[in-house]
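Welcome! Keep the picture beside you as you read, and follow along one piece at a time.

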Amino acid sequence: MFHSGPLQLNAVYWSIQGEGVHTGRSALFVKMPFCNLKCAWCDTDFSTWTDWTEQLLAQVAMQQVSRFAVLSGGEPTRHKHIWRVVSLLKGLGFTIAVESNGTCESEVIYALFDWVTISPKKDSERLGLPQYYASKAALKMAHEFKYVMEKNFDVRVLNRHEIADGRRYFVVPEAEDFLNTKTLVLAWVAENPAWRISLQTHHLMGAR
Ligand code: SF4
């Protein structure tokens, strides 16, 4: 499903992956516009984009030695140009991770990526779905799950996961309410050793 025309991308830049298993890796970030959720606390302006050619994207992609890319957004799984972006980066030798809100219903889309991070959102209720909805495809295809714990986070949503070898499970204290939410994540991992805490280290490092 290749859509022609310029690639509509929100931002492309090099930074470090700040969260999850790949924390600390030098990574090319490709932020895609558009999202089907409108989370109240979302810090990404995914409503805008600029037009990119494949040549320009390849040029930026080859600026550093790392061949690790993170596609985020917005919601990359919903973007009409995702096939072209993945195809181009794979052709350049990149390992590609995706960050998804878990509402995509297509295993085929999730199978495009080498690493799938599913981060369900409370605001999935805006779509008439349960809070922290994750599709069957997302639950099946995820390599890691990541939940931002806010003050009134209902930990029962985490109990739906049957812990499986080879998959990773993370809780993240909400940055804006760190003092309160760090207590929540500490309590959770103390009782549930398969889960780990992930901090937004890119912010701590002053990286983008
Ligand atoms: S799912 Fe992510 S990108 Fe979409 S509105 Fe929520 S926080 Fe923002």
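Let us begin with a word we will need: a residue is called buried if 20 or more other C-beta atoms lie within 10 Å of its own, exposed if 12 or fewer do, and partly exposed in between, with C-beta atoms placed from the backbone. Helices (H or I, at least four residues) and strands (E, at least two) are DSSP runs, numbered from the N terminus. What you see is a predicted model, in which local features need pLDDT of at least 70, side-chain atom pairs count only at pLDDT 80 or more, and totals for chains, interfaces and linings use all residues. Residues are numbered from 1 along each chain as its sequence is written.

Find strand S8, residues 144-149. Six of its six residues are buried, so S8 is largely enclosed by the rest of the structure. In a regular strand, side chains alternate between the two faces of the sheet. On one side of S8 sit Glu144, Lys146 and Val148, on the other Phe145, Tyr147 and Met149, and all of them are buried.

Which strands pair with S8? Strands count as paired if DSSP finds at least two bridges between them. Strand S7 (residues 115-118) runs parallel to S8 and is joined to it by two bridges. With strand S9 (residues 168-173), S8 also pairs in the parallel sense, over six bridges. Look at phenylalanine 145 in S8: isoleucine 118 has it as bridge partner, and phenylalanine 145 also stands opposite tyrosine 169 in S9.

Now move to helix H2 (82-91). Its buried residues are Ile82, Val85, Val86 and Leu89. Seen down the axis of H2, these fall within an arc of 95 degrees (the arc of the directions from the helix axis to the C-beta atoms), so they line one face of the helix. After H2 comes glycine 93, with a positive phi near 90 degrees.

Some backbone details deserve a stop as well. Between glycine 73 and glycine 74 the peptide bond is cis, with omega near 10 degrees; glycine 74 belongs to the loop between strand S5 (68-72) and H2. Phenylalanine 34 is not a glycine, yet its phi is positive, about 80 degrees. You will find phenylalanine 34 in the loop between strand S3 (26-31) and strand S4 (50-52). Is phenylalanine 34 buried or partly exposed? It counts as partly exposed, because it has 16 C-beta neighbours inside 10 Å. Tyrosine 132 also has a positive phi, near 55 degrees, and lies in the loop between S7 and helix H4 (136-141). Tyrosine 132 counts as buried because it has 21 C-beta neighbours inside 10 Å.

Next, look for the ligand. A residue is near it if its C-beta atom, placed from the backbone, lies within 6 Å. Of the 13 residues around the ligand, Cys35, Leu37, Cys39, Cys42 and Asn101 come nearest.

Finally, step back to the whole chain, which has six helices and ten strands. Of its 208 residues, 37% count as buried. Its C-alpha atoms fill a box of roughly 50 × 35 × 35 Å, taken along the principal axes.
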